[in-house]
Amino acid sequence: MAESKVKYDRQLRIWGDQGQAALEKASICLLNCGPTGSETLKNLVLGGIGSITVVDGTKVEVGDLGNNFMVDESSLGESKAKCVCAFLQELNDAVKAKFIEEYPKKLIETNPSFFSQFTLVIATQLVEEMMVKLDKICRKAGVTLVFARSYGLSGLVRISVKEHAVIESKPDHFLDDLRLNNPWPGLKRFVESIDINVADPVAHKHIPYVVILIKIADEWANSHGGTFPSTREEKKEFKDLLKSRMIGLDEDNYKEAIDASFKLFASRGISANLLHVLNDSCADVDSNSSDFWVMVAALKAAGSDLGVGLCAFMGGGYGVAVTLGDREKEFIAHDGAGEVPLEGSIPDMTSSTEHYVNLQKVYQAKAEADFIAMEQHVQNILKKIGKDLHSISKTIIKSFCKNARKLIVCRYRMVEEEFNSPNLPELQKYLADEDYSTAVGFYILLRAVDRFSSNYNYFPGQFDGEMDEDISRLKTVAVGLLSDLGCNGSILTEDLINEICRFGASELHAVAAFIGGIASQEVIKGVLRWKGLGLVVGAWRGLGEGFSGGGCRN
């Protein structure tokens with residue numbers, strides 16, 4: 001691992017040792033190693049993916065030399081899969097690489113079990129029929145599937161997976177887990193040990209704002225029937241109370257307390273998103289359940305130890321956020337604190353070194369105690385369902401505890417459902433939206449060219465001398481597709497149809513490299529269990545105008 005830390009130093013700073021280990025365990029299969037597939041796999045090989053299998057039945061032709069930098073003149077007539085695999089192996093000899101000289105279509109139709117051995121399959125340049133078949137195969141096998149396609153100056157990346165459970169969701173904005181409005185006994189004892197009315201001005205301006213807020217909040221609650229500020233007027237009055245306790249104009253700690261007072265006013269307890277996860281039917285685990293759902297089940301079972309009464313703080317009182325079973329109600333009655341495992345970190349703040357270090361230890365001690373309780377519940381559940389007690393590592397459980405407030409479960413529709421039963425209101429809205437109509441138009445046309453190919457055995461614009469006829473045919477096919485989707489009144493501009501015909505189904509290296517970059521990024525998110533998986537479709541409006549893209553929900 002020491003060598004890996006040097007080799008992958010920069011990316012380790014983003015996803016850490018645990019993330020890199022996940023990458024190095026991943027097994028990736030690439031279908032079709034044209035420029036789009038090759039560029040996608042190149043990025044993953046450089047990042048240290050565990051193993052790759054390249055599947056392609058074609059030979060290197062002269063046309064490949066102009067758009068695929070992983071083959072050269074000496075490769076002409078050779079297996080494309082073999083040449084690309086050899087090139088990729090040279091980029092990172094730590095990656096296990098092999099190739100299979102076979103057409104992906106044949107594997108999909110005759111050997112579906114082949115795909116079950118992989119962590120993730122990247123399918124490039126597949127037509128609609130093969131996309132639907134492969135999606136069914138990979139879903140049945142529990143394998144994540146990433147489609148990538150470049151077509152002239154347009155491109156598409158689409159992810160398909162039955163379920164994507166995210167522990168490290170890394171939200172852009174999330175409140176620090178300080179428990180200011182629900183301090184546990186250890187934090188209360190620490191707060192009570194500090195006198196915020198100390199006469200020494202140096203000591204007064206080095207009291208952490210966490211202590212100030214909890215103490216002043218207690219004073220407020222004692223004089224307001226046990227409730228915290230809830231209305232705008234009360235919150236302003238509370239801030240004025242904080243200002244009144246300042247004994248000098250240079251007390252940054254009190255200014256921080258005023259700025260951070262919104263953290264005290266924030267709702268406490270279980271968020272709606274987390275409640276949705278906790279109440280998911282998958283939280284009733286069995287021997288086939290994933291590690292994620294075992295830990296979710298443990299989170300529910302740990303309620304009595306962690307204070308995970310499934311309730312929410314609302315305007316100074318407590319209320320059950322949803323209708324829960326008797327077991328969950330027992331948790332509320334037992335503790336009523338309504339919190340998940342503590343994250344255990346605190347932000348930087350104005351404070352004496354002694355106060356800050358001691359406060360940090362209080363949070364860390366609580367987080368460690370929560371982790372120990374969670375670990376015990378995880379092991380109890382593993383025992384009940386007949387799994388190894390240590391099959392889920394301490395590192396994973398700690399990560400789960402640290403991110404318990406931010407858990408996300410995403411489920412995706414099958415490709416067949418997207419194609420045959422689209423979200424019609426959304427599709428119509430985006431077709432009519434000036435900001436999205438180009439991207440959605442290309443999405444429709446990328447499906448239309450597959451219908452065209454199925455009807456005429458070639459792609460529009462692929463042969464010289466037939467452009468006008470191809471434009472007319474493609475327009476008819478596109479109108480028919482829109483009608484089948486329920487968008488009878490929608491039209492695609494002549495410019496888009498002309499442009500897609502002008503592409504002639506070509507793969508341009510610049511576009512393939514860009515699409516490959518997006519696809520490899522989505523692969524990493526899938527392997528690391530990060531959020532953000534979806535559908536991206538877009539196109540270059542012109543060689544000098546940049547990329548016009550839009551995200552489309554499926």
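## Rings, cores and crossing helices

A search through the whole structure turns up 13 aromatic pairs, where rings of Phe, Tyr and Trp (its six-membered ring) pair if their centres lie within 6.5 Å, and planes under 30 degrees apart count as stacked, over 60 as edge-to-face and the rest as tilted.

Before going on, a word about the model: it is a predicted one, in which local features need pLDDT of at least 70 and side-chain atom pairs count only at pLDDT 80 or more, while totals for chains, interfaces and linings use all residues. Residues are numbered from 1 along each chain as its sequence is written, and side-chain values use heavy atoms, leaving out hydrogens and water.

How enclosed are these ring residues? The table lists their relative accessible area, where buried means under 20%, exposed over 50% and partly exposed in between (1.4 Å probe, protein chains only).

| Residue | Relative accessible area | Class |
|---|---|---|
| F114 | 11% | buried |
| F118 | 5% | buried |
| W220 | 3% | buried |
| F238 | 0% | buried |

Elsewhere, F452, Y456, Y458 and F463 come together as one aromatic cluster.

Now for the whole chain. It has 24 helices and twelve strands, which are DSSP runs numbered from the N terminus (helices H or I, at least four residues; strands E, at least two). Of its 554 residues, 52% count as buried. Among contacts (heavy atoms within 4.5 Å) between residues at least 6 apart in sequence, 69% join residues at least 24 apart.

Which residues touch the most other members of the largest nonpolar core? They are V121, L134 and I500, in a core of 91 residues. A nonpolar core is a set of buried Ala, Val, Leu, Ile, Met, Phe, Trp, Tyr and Cys residues joined through side-chain atoms within 4.5 Å. Helix α21 (residues 437-456) gives the most to this core, with nine residues. Setting aside neighbours within four places in sequence, L134 is in contact with L31, I108, F115, V121, A123, L126, L145 and F147. A second, separate core has 35 residues, including L180, I207, A217 and L359.

Helix α14 (residues 291-301) is largely enclosed by the rest of the structure, because ten of its eleven residues are buried. Among them are F292, W293 and K300. By contrast, A369 lies in helix α17 (residues 353-384) and counts as partly exposed, at 42% relative accessibility. A369 and L342 are 27 residues apart in sequence and 9.1 Å apart in space, C-alpha to C-alpha.

Finally, helix α2 (residues 9-25) packs against helix α24 (residues 509-528) at an angle of about 100 degrees, with their axes 9 Å apart. Axes here are lines fitted to C-alpha atoms, for helices over the stretch in contact, and angles run from 0 to 180 degrees between N-to-C directions. That makes α2 roughly perpendicular to α24, a label for angles of 65 to 115 degrees. W15, G19, A22 and L23 of α2 make the contact with I524, V527 and L528 of α24.

Conventions: Parallel < 35°, antiparallel > 145°, perpendicular 65-115°, else oblique.
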